[in-house]
Amino acid sequence: MSKAFTKKCTDWAADLAATGKSIIKLIALTHKAPRPARDGGDTLIVMGNGPSLAQTITEHPGALRRYPLLAVNFAALTPEFFTLRPRYYLMADPVFFAAEGNENLLKLRANLDKVDWRMTLYIPFGAGCIPATDNLNVIVERFNFVGIGGFRWFERMVYNSGRGIPRPRNVLIPAIMAGIREGYRNIYLTGADHSWTRTLAVGDDNTVLSVQPHFYEDNEAERQRVSQVYRNVRLHEVIHSFYVAFKSYFTLRRYADSIGVNIYNATPGSFIDAFERRPLPSE
């Protein structure tokens, strides 16, 4: 039996198992996804919060004003949020929907209440405390924050329906998928440094130190929260999490190619190797 045939059989069995597991998740965890407005146009810029976003904001102000933007996570804590006025905002981590938040969450919710432009806020189905519930300028849309894998035809069917997404280790996965569902054909990634391995370390007490810098400076409350999250996390778990994130981008690239969507990485020095590198479109 040839190695190629053995690998083919192994891959088929793995896809079969993943498809079976995903079907159970679809039945138990997902909801019918709302149909997006699809009025966005052709090009979307997704803004991750990596340190290089500061450089992009400085060097490409025209492009960031010209094209619709999608912001994520704690971006609303920054002055740039009110300058750039993103059309979309997406939060996925359960920390954003805690009934009682720390000072950063309270400020985030207060800032979202100040939004005076039309903005769609994407949050997962099942999220508890919904930010900006009293702001009529903020339209809340739900999405399925459920990782789905398996046979290629199965993945494409599920992703098209909005019932699931590639394994969402990083917030950029649902952010890109939201852009695709909104009908954008060209999606540019900025602030997607993902250079986590540069700052990964283990302390003398065997505590894993995983610093994930942003384009803004985290305050003490956020540093303490992250430290608490990693308190009982082991190095092999962190590295596996990195593996899942980078592999998911290849799954997303395969899906985007199959439906004619272009995803370009415009992040200087990004570690993401799944997407074509291309600068932001001309201003």
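Helix H9 gives the largest share of the lining of the second largest pocket, seven residues. Welcome to this predicted model, where local features need pLDDT of at least 70, side-chain atom pairs count only at pLDDT 80 or more, and totals for chains, interfaces and linings use all residues. Residues are numbered from 1 along each chain as its sequence is written, and side-chain values use heavy atoms, with hydrogens and water left out.

**The pocket.** The second largest pocket holds about 490 Å³ of space. On a 1 Å grid over the protein atoms alone, a pocket is an open set of points where a 1.4 Å probe fits, with protein on both sides within 12 Å along at least five of seven lines; lining residues have an atom within 4 Å of a point. The volume is the space filled by probe spheres set on the points. Its lining has 21 residues, and Ala18, Gly149, Gly150, Arg167 and Lys247 lie nearest the centre. Two or more lining residues come from each of H1 (3–29), H6 (152–161) and H9 (235–258). Helices (H or I, at least four residues) and strands (E, at least two) are DSSP runs, numbered from the N terminus. By type, the lining has seven nonpolar, six polar and eight charged residues; Asp, Glu, Lys and Arg count as charged, and Gly is among the polar ones.

A nonpolar core is a set of buried Ala, Val, Leu, Ile, Met, Phe, Trp, Tyr and Cys residues joined through side-chain atoms within 4.5 Å, and buried means under 20% relative accessible area (1.4 Å probe, protein chains only).

Thr43 is found in strand E1, and Asn170 in the loop between H6 and H7. The table gives their values; a polar contact is a pair of N or O atoms within 3.5 Å, one able to donate a hydrogen and the other to accept it, and residues adjacent in sequence count only if both atoms are side-chain atoms.

| Residue | Relative accessibility | Side-chain polar contact |
|---|---|---|
| Thr43 | 11%, buried | Asp42, 3.3 Å |
| Asn170 | 12%, buried | Tyr249, 3.5 Å |

Beyond its neighbours within four places in sequence, Asn170 is in contact (heavy atoms within 4.5 Å) with His194, Trp196 and Tyr249.

Technical notes. Buried means under 20% relative accessible area, exposed over 50%, partly exposed in between (1.4 Å probe, protein chains only).
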